Amino acid sequence: MNSEASPWRHVYRWDLDKTYLDTHFEKFSRMVRIAFESAEEKRNIPGSAALLRELSADGGEDVGAARVCILSGSPRQMRSVLEKKLRSDGIVWHEFELKPQWENIRRGRFKAIRDQVGYKLPLLLSSRAAMSGDVRETLFGDDAEADTFIYCLYADIVAGRVDAPTLVRLLRSMSAYPDAIETCLDAMAQLDPFEAVERIFIHLDRGTPPAWFAPFGDLVVPVFNYFQAALVLFTEGHLDAQGVLRVTRAFREADERDTMELANLFQDIQRRGHMTAGAMQRLAAAVREQRSATLEGEVVTVCEDRFVALGPAATRSSLGSTSVRDWDELVDHQRRRPHG
Amino acid sequence: MTTTVALDCMGGDHGPQEAVRGAAALSLKRQDIRLILVGDAPILSDLLDDCAYNPAQLSIEHAGEWVEQHEKPREALKAKPNASILVACRSVAEGRAQSIVTAGSTGAAILAADFCLGRIPGVHRAALAAVTPTELSHGPREDPFALLLDVGATLHATAEDLVTFAVMGSAYASAISGNDNPRLALLSNGTEPEKGPAEVVEAHKLLVGMESLNFVGNVEGLDIPRGTVDVVVTSGFLGNVVLKMVEGIGEVISDLASDAYARKFLWRLGLTMLSSGLKEIESVMDWESYGGAPILGFRHPVLKAHGRSRSRALGNACKVAAKAARSDMVRVVEDSLAALPETIGS
């Protein structure tokens with residue numbers, strides 16, 4: 001791996017379907033419609049575009065630019081529509097990978113059509129191998145398929161916590177094709193162990209209970225929406241107060257949320273230990289400083305009330321703690337996932 | 001219109017788990033009902049994380065103490081100023097919620113509501129009202145149950161109390177069942193006006209003269225399961241005995257049917273052939289579907305769920321509590337009581 005200092009201040013990796021774009025469907029007809037939607041018809045998950053814009057905003061020469069890598073399970077045939085959609089949202093990306101579904105069909109690799117692990121993990125590792133060693137990453141996925149499993153495995157490989165024989169065993173147990181395993185091993189060989197993955201946000205598109213993610217450790221933050229993600233990213237220094245307010249405004253407008261709902265969402269992410277009391281106070285102070293933001297000021301006041309109402313549960317924090325993942329157990333856990 | 005219900009999660013026989021599950025399930029189904037889960041916040045938080053839920057509809061208010069069923073309510077509330085039922089009542093008094101649901105001690109709920117919410121002017125005693133399954137249906141929605149009150153809020157009731165219960169029961173039936181003119185009766189040992197204890201005879205005289213109520217006279221015990229009236233008024237002692245007997249009969253019938261099913265093939269065959277009818281009876285007798293018993297007389301609705309309530313019953317109780325808060329029930333009771341002769345309403 002290139003050991004020079006990274007030109008990037010941070011890497012943000014995003015999935016598209018159910019993470020950035022609202023492609024949730026209950027009926028087959030909706031699924032078909034999604035496949036043929038134009039860029040203009042595609043809908044965002046409320047707040048996703050605002051959040052990605054904030055994260056990827058130019059930080060100036062001192063801090064460097066953020067690298068945006070998009071890795072989606074959508075077929076390559078959708079590239080032009082998806083690129084048009086991202087451009088119209090004001091998103092600038094540096095990597096954009098889509099699944100070679102036609103090639104999978106042509107080569108008779110039918111398992112690969114649905115497989116996510118054997119598709120995403122080699123691409124993540126190859127992308128990482130091409131970067132310098134000291135850049136950190138934040139990943140965004142959803143609970144529909146295997147994003148949590150893939151992202152955590154990726155984090156452990158990059159950090160040197162998973163060795164090659166274990167990786168091979170895991171990928172074989174997940175029915176990955178030999179060439180996918182080979183690509184992973186090649187990329188892994190180029191990596192110097194580095195604690196690169198800072199946080200993994202999982203958008204709860206399917207409403208999976210948050211406790212289901214506990215075995216994956218505190219690296220994973222399940223969020224019901226991007227208002228909650230923005231609060232955590234503020235706590236961790238990725239967004240400033242103004243950035244949080246812009247995401248909140250976008251989320252609020254797109255999802256038609258009132259003050260009480262936002263306060264409840266705030267308390268939810270806070271009681272799960274993903275936002276500290278200090279961060280809450282900093283955000284409140286910043287909002288109060290800007291006198292025009294009466295609406296946001298109202299939200300913050302109610303959030304502070306919700307914070308006090310939590311009593312001893314308000315002081316819990318899962319940020320900054322680490323846990324060791326048992327990958328054999330996680331394979332079983334992944335197979336037993338809700339909505340599986 | 002969105003309504004917020006404060007759910008005391010700590011008092012039920014099955015602990016906070018069932019309350020949290022019920023609330024979580026309701027949060028996914030009803031966007032018009034928000035819930036404040038009151039109880040030990042770290043415990044509630046962990047339980048909630050095990051559920052699928054909509055976080056926009058739920059919040060938690062910490063209460064590190066709660067009243068146990070075996071405790072004397074007055075002493076317990078004095079010793080535990082932050083008991084969950086008190087915190088739930090305060091959340092309503094301070095405007096964060098509009099109604100309360102608890103599966104905890106009835107006595108503690110009544111006292112806490114009395115301390116925090118206050119009674120409607122003219123109400124001297126609160127009344128616990130329960131729905132009992134009936135043969136005949138009631139109201140425009142053809143509900144298969146009638147309202148019985150008081151079923152245990154207070155042991156004794158004066159004639160004036162019984163009249164107040166009649167006004168409150170009528171207003172509640174009207175608000176919740178959409179029954180504009182509910183038929184109302186006093187429970188006695190005969191239909192004649194002079195039958196029964198002195199307070200029932202006196203209450204009969206007072207109710208006959210009240211044009212705002214659809215008072216039809218006295219009914220006997222057998223009229224309760226028949227469902228000849230929509231609201232039956234009695235004292236807390238008698239009402240509680242009647243309610244428990246109705247519940248007991250339902251459980252015994254169910255046990256006998258299970259026993260018969262196990263014993264003889266012919267009986268099993270017979271029960272199988274009757275299964276759809278039996279299921280219908282079972283659904284009418286299913287107290288979990290009715291949600292809870294309102295404690296009437298306070299300035300905000302208070303719903304007492306059965307101590308044995310599981311998540312479904314508690315979820316249904318929250319729906320009823322939200323409906324009661326949205327309705328004009330308290331105002332109707334206030335207006336009706338204000339119109340009573342001074343000897344009763346003062």
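**View 1. The two domains of chain A in the predicted model.** Chain A is divided into domain 1, which comprises residues 8-219 together with 322-335, and domain 2, which spans residues 227-315; the model shown here and in the other views is predicted. Between the C-alpha centres of domain 1 of chain A and domain 2 of chain A the distance is 27 Å. Where these two domains touch, domain 1 of chain A contributes 10 residues and domain 2 of chain A contributes 14 residues to the contact.

**View 2. The side of domain 1 of chain A that touches domain 2 of chain A.** Helix H2 (48-56) and strand S5 (197-203) of chain A each provide at least two residues of this side of domain 1, and the largest share, four residues, comes from H2(A). Sorted by class, the residues on the side of domain 1 of chain A that touches domain 2 of chain A are six nonpolar, two polar and two charged.

**View 3. The contact between chain A and chain B.** In this predicted model, 20 residues from chain A and 17 residues from chain B take part in the contact. On the side of chain A that touches chain B, helix H12 (259-271) and helix H14 (294-309) of chain A each supply at least two residues, with the largest share, seven residues, coming from H12(A). The class make-up of the side of chain A that touches chain B is 10 nonpolar, four polar and six charged residues.

**View 4. The packing of helix H1 against helix H12 in chain B.** Helix H1 (residues 16-29) of chain B packs against helix H12 (residues 311-326) of chain B at an angle of about 55°, and their axes lie 7 Å apart; H1(B) and H12(B) are therefore oblique to each other. The crossing in which H1(B) passes H12(B) is right-handed. From H1(B), the residues Glu18(B), Ala19(B), Arg21(B), Gly22(B), Ala23(B), Ala25(B) and Leu26(B) meet Ser311(B), Arg312(B), Leu314(B), Gly315(B) and Cys318(B) in H12(B). By class, the contact of H1(B) with H12(B) consists of six nonpolar, three polar and three charged residues.

**View 5. The overall build of chain B.** Chain B holds 14 helices and 11 strands. Its radius of gyration is 20 Å, close to the 20 Å that the globule rule gives for 346 residues, so chain B is as compact as a globular protein of that length. Taken along the principal axes, the box filled by the C-alpha atoms of chain B has dimensions of roughly 65 × 60 × 40 Å.

Terms used
Residues numbered from 1 in each chain as written. Chains lettered and ligands numbered in written order. Predicted model: local features only at pLDDT ≥ 70, side-chain atom pairs only at ≥ 80, totals over all residues. Contact = placed C-beta atoms within 7 Å. Nonpolar A, V, L, I, M, F, W, Y, C, P; charged D, E, K, R; others polar. Domains from an automatic or database assignment. Axes fitted to C-alpha atoms, helices over the stretch in contact; angles between N-to-C directions. Parallel < 35°, antiparallel > 145°, perpendicular 65-115°, else oblique. Left-handed = near helix turned anticlockwise from the far one by under 90°. Rg over C-alpha atoms; globule rule 2.2 N^0.38 Å.
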